[in-house]
Amino acid sequence: MAEERKVRSKQDDAVSQEAVMALEKENRVAQYRGHIAKLISFIAICFSLFQLYTGIFGVLDAQLQRAVHLGFGLVLVFLLYPTRRAWLNRASIHPLDAFLALLAASGPLYIITQYHDLVLRAGNFNTLDMAVGSIGVLLVIEAARRVVGIPMVSVVLFFIAYAFAGPYIPGILGHRGVNWDQLVGHLYFTTEGIFGIPLGVSSTFIFLFILFGAYLESTGLGHFFIDLANAVAGWARGGPAKVAVLSSGLMGTVSGSSVANVAGTGSFTIPMMKKLGYHRDFAGAVEAAASTGGQLMPPIMGAAAFLMAEFVGVPYMEVVKAATIPAILYFLGIWLGVHFEARRENLQGLPRENLPKFGVIFRERGHLALPLVVIIGLLVSGYTPMRAALIGIFLTVAAAMLRKNTRLSFIEVVQGLIDGAR
């Protein structure tokens, strides 16, 4: 039995990895090999280690912390998201992307090295400052285009245009306007623009929560959730679809990402639904809807939840409490939808003898959920999200060591740093 589980775990890992690679290809993420892949992995490891260091020993001054965070992020964006889709299959990084990555790193590096002088000048920026800031603003916009797309860039450009067009707009929307130097100074050399609250939240606890989720995934918690969902609902009418809903909800508690949710559960649940008799369109729709709800499921929700807490000025736990009931209702609605579809199509569940046993699952892998329980307890007890996530990361690695079949090797620990940064 133990050997069968190991074989199945390896097969599941292969399927999941293929799904992740397909999703990354769809999202225009380049897949490099050899020395280039090692270079990107090294940058990602340094990124994660910096975040862990500041999480343990305290963050730097706001602009310094955010500058380092932005520098690492921009470098990875320009290396992993090529300028053109046709460059995705290149064996090496295109010279233009390599140049832009270096240029993107130079802007934050300038702030770090010139931080003291920039503070003393306090708004009296020189020509070099303006050149660096202008390039930095344009590179952030270009990075947004590569990752998010034209719609977000259009919104950004609209408001930049509004900053200049203020004197020509009548009524209450009009304002005295700004020139380019004033705009760049505000956007790039203060903590009100690019280095504002969203980047501050990302550079502190959002990154650590993402890293926490990456380590939970690497311990096999995703497979534990899928097996648990199979044991609970696989036998019911329309079982595989209900497994998709339940496993996506459970996965959402640790991922906070709809894409990661689809990669973790969809590669298993969609074939199961199609095999049972669900139409392929319905199977895909169920998984998409359920995985999207992963961003709503506490305690680790999408980045917007952390930003809400920061902007509103309330503890993150208050956002978690407010989101709990809506998240449950969301998944309950999808559950009822697949149930009625199964009744209409007379789709039965899977035979109980073919499903994993609830007690066996908990005895063998129940300890993997311990960090998730602890981090909820820490947030309830008043710990800051940053401290709770940091403890959760180390506890995840420690909990995995409790059993030989879930123990992480040194390579897997390092891979967790890479996955978190990517």
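This is a predicted model: local features need pLDDT of at least 70, side-chain atom pairs count only at pLDDT 80 or more; totals for chains, interfaces and linings use all residues.

Modeller: Start with Glu 318, which has a relative accessible area of 39%. The label for Glu 318 is partly exposed.

Biologist: Why is Glu 318 called partly exposed?

Modeller: Buried means under 20%, and exposed means over 50%. Glu 318 has 39%, so the value falls in between.

Biologist: What makes Lys 321 and Glu 318 a salt bridge?

Modeller: The closest N and O atoms of Lys 321 and Glu 318 are 3.6 Å apart. The cut-off is within 4 Å, so the pair counts. Both residues lie in helix 15, residues 316-345. They are 3 residues apart, about one turn of the helix.

Biologist: How many salt bridges does this rule give?

Modeller: The count comes to 4.

Biologist: Why would such side chains pair at all?

Modeller: Opposite charges can pair when the charged atoms come close.

Biologist: How do you know that Asp 97 forms a salt bridge with Arg 146?

Modeller: Their closest N and O atoms are 3.0 Å apart. The limit is 4 Å, so this pair qualifies.

Biologist: What does the pair of Asp 97 and Arg 146 tie together?

Modeller: Asp 97 lies in helix 4 (residues 95-113), and Arg 146 lies in helix 6 (residues 127-147). The pair therefore ties together parts that are 49 residues apart in sequence.

Biologist: Are Asp 97 and Arg 146 buried or exposed?

Modeller: Asp 97 has 1% relative accessibility, and Arg 146 has 3%. Buried means under 20%. So Asp 97 is buried, and so is Arg 146.

Biologist: What makes Arg 145 and Glu 142 a salt bridge?

Modeller: The N to O distance between their side chains is 2.8 Å. Arg 145 and Glu 142 are 3 residues apart in helix 6, so about one helical turn separates them. Arg 145 is partly exposed, at 24% relative accessibility.

Biologist: Which residues are linked in a network of salt bridges?

Modeller: Asp 97, Glu 142, Arg 145 and Arg 146 are.

Biologist: Which residues make the nonpolar surface patch?

Modeller: Val 147, Val 148, Met 152, Val 155, Val 156, Phe 158 and Phe 159 make the patch, about 640 Å² in area. Its largest share, 5 residues, comes from helix 7, residues 150-165.

Biologist: Phe 158 lies in helix 7. Why is Phe 158 called exposed?

Modeller: Its relative accessibility is 53%. Exposed means over 50%, so Phe 158 passes.

Conventions. Residues are numbered from 1 along each chain as its sequence is written. Side-chain values use heavy atoms; hydrogens and water are left out. Helices (H or I, at least four residues) and strands (E, at least two) are DSSP runs, numbered from the N terminus. Buried means under 20% relative accessible area, exposed over 50%, partly exposed in between (1.4 Å probe, protein chains only). Patches are made of residues with over 30% relative accessible area and no salt bridge: like charges are joined within 9 Å, nonpolar side chains (Val, Leu, Ile, Met, Phe, Trp, Tyr) within 5 Å. Accessible areas come from the Shrake-Rupley method with a 1.4 Å probe; for residues, only the protein chains shown count as cover.
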